[in-house]
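Please review the briefing below alongside the sequence and the coordinates.

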Amino acid sequence: MAQFCGKWELVSCDENFDKYMEAVGVSPEMRKLAQTALTAGSKLVLNISVDGNKWSIGLLTKEGEKTDVFIEGEPVEVTTLDGRKVKTTYTLEGDSLVELQQGDGFESRNVRTVNGDTMTMILTTKSVTCTRIYKKIS
């Protein structure tokens, strides 16, 4: 899925981001920090690459960076930016890259789609949905 590969800068995040973070168990203190480090205008960049069946999604923020490496369809344990351990499985469903995240008391389905130089990511958990929009920068 070559359309996902490249560097993407976050340009828009809807008002449900805080509600989404609360629903997946992010503490109030970390949610406050995330409102400055992980929202539009924060210069957050995703770097997505694939080599064969091995994918890498790097997240670069002014607070730091992390990279998740995975093989499509195989569960992997990752550590969230706020330090929680979650089981994550990425799959390709049609033209979408789907991330199923399971943690303590929640399951989140995060769907990425690309249209030209725009990537839309829809995060859904429980009854909360948040939309994040990225623009390709390289």
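**Hairpins and sheet**

Strand 2 and strand 3 form a hairpin with two residues between them, and Gly52 in the turn has a positive phi of about 70°. The model is predicted: local features need pLDDT of at least 70, side-chain atom pairs count only at pLDDT 80 or more, and totals for chains, interfaces and linings use all residues. Residues are numbered from 1 along each chain as its sequence is written, and side-chain values use heavy atoms, with hydrogens and water left out.

- An open sheet of 10 strands is arranged in the order 4-3-2-1-10-9-8-7-6-5, with antiparallel pairing; two strands pair if DSSP finds at least two bridges between them.
- Its edge strands are strand 4 (64-71) and strand 5 (76-79), each of which pairs on one side only.
- On average, neighbouring strands of this sheet are turned by 25° against each other, direction ignored; the axes are lines fitted to C-alpha atoms, and angles between N-to-C directions run from 0 to 180 degrees.

**Strand 3 and its partners**

- Strand 2 pairs with strand 3 in the antiparallel sense over seven bridges, and the bridge partner of Ile48 in strand 3 is Ile57.
- Strand 3 (residues 54-61) pairs with strand 4, also in the antiparallel sense, over eight bridges.
- Ile57 has Asp68 as its bridge partner in strand 4, while Trp55 has Phe70.
- Strand 3 and strand 4 form a hairpin, with two residues between them.
- Because six of its eight residues are buried, strand 3 is largely enclosed by the rest of the structure; buried means under 20% relative accessible area, exposed over 50%, and partly exposed in between, with a 1.4 Å probe and protein chains only.

**The other edge**

- Strand 5 is joined to strand 6 (residues 85-93) by four bridges, and the two run antiparallel.
- The bridge partner of Thr79 in strand 6 is Lys85.

**Annotated region**

- An unreviewed UniProt entry carries the annotation "domain: Lipocalin/cytosolic fatty-acid binding" for residues 6-136; such annotations may be inferred rather than shown by experiment.
- Over residues 6-136 the chain is 13% helix and 60% strand, and the end C-alpha atoms are 7 Å apart.

**Largest pocket**

- The largest pocket has a volume of about 760 Å³, the volume being the space filled by probe spheres set on the grid points, which are joined across faces, edges and corners.
- A pocket is an open set of points on a 1 Å grid over the protein atoms alone, where a 1.4 Å probe fits, with protein on both sides within 12 Å along at least five of seven lines; lining residues have an atom within 4 Å of a point.
- Of the 37 residues that line the largest pocket, Leu38, Leu59, Lys66, Thr80 and Leu81 are the closest to its centre.
- The lining comprises 20 nonpolar, eight polar and nine charged residues.

- Most residues other than glycine have a negative phi.
- Lys43 has a positive phi, near 65°, and lies in the loop between helix 2 (28-37) and strand 2 (45-51).
- Lys43 counts as exposed, at 58% relative accessibility.
- Lys126 has a positive phi near 50° and is found in the loop between strand 9 (118-125) and strand 10 (128-136).
- Lys126 is exposed, with a relative accessible area of 58%.

Notes: Ala, Val, Leu, Ile, Met, Phe, Trp, Tyr, Cys and Pro count as nonpolar, Asp, Glu, Lys and Arg as charged, and the others, Gly among them, as polar.
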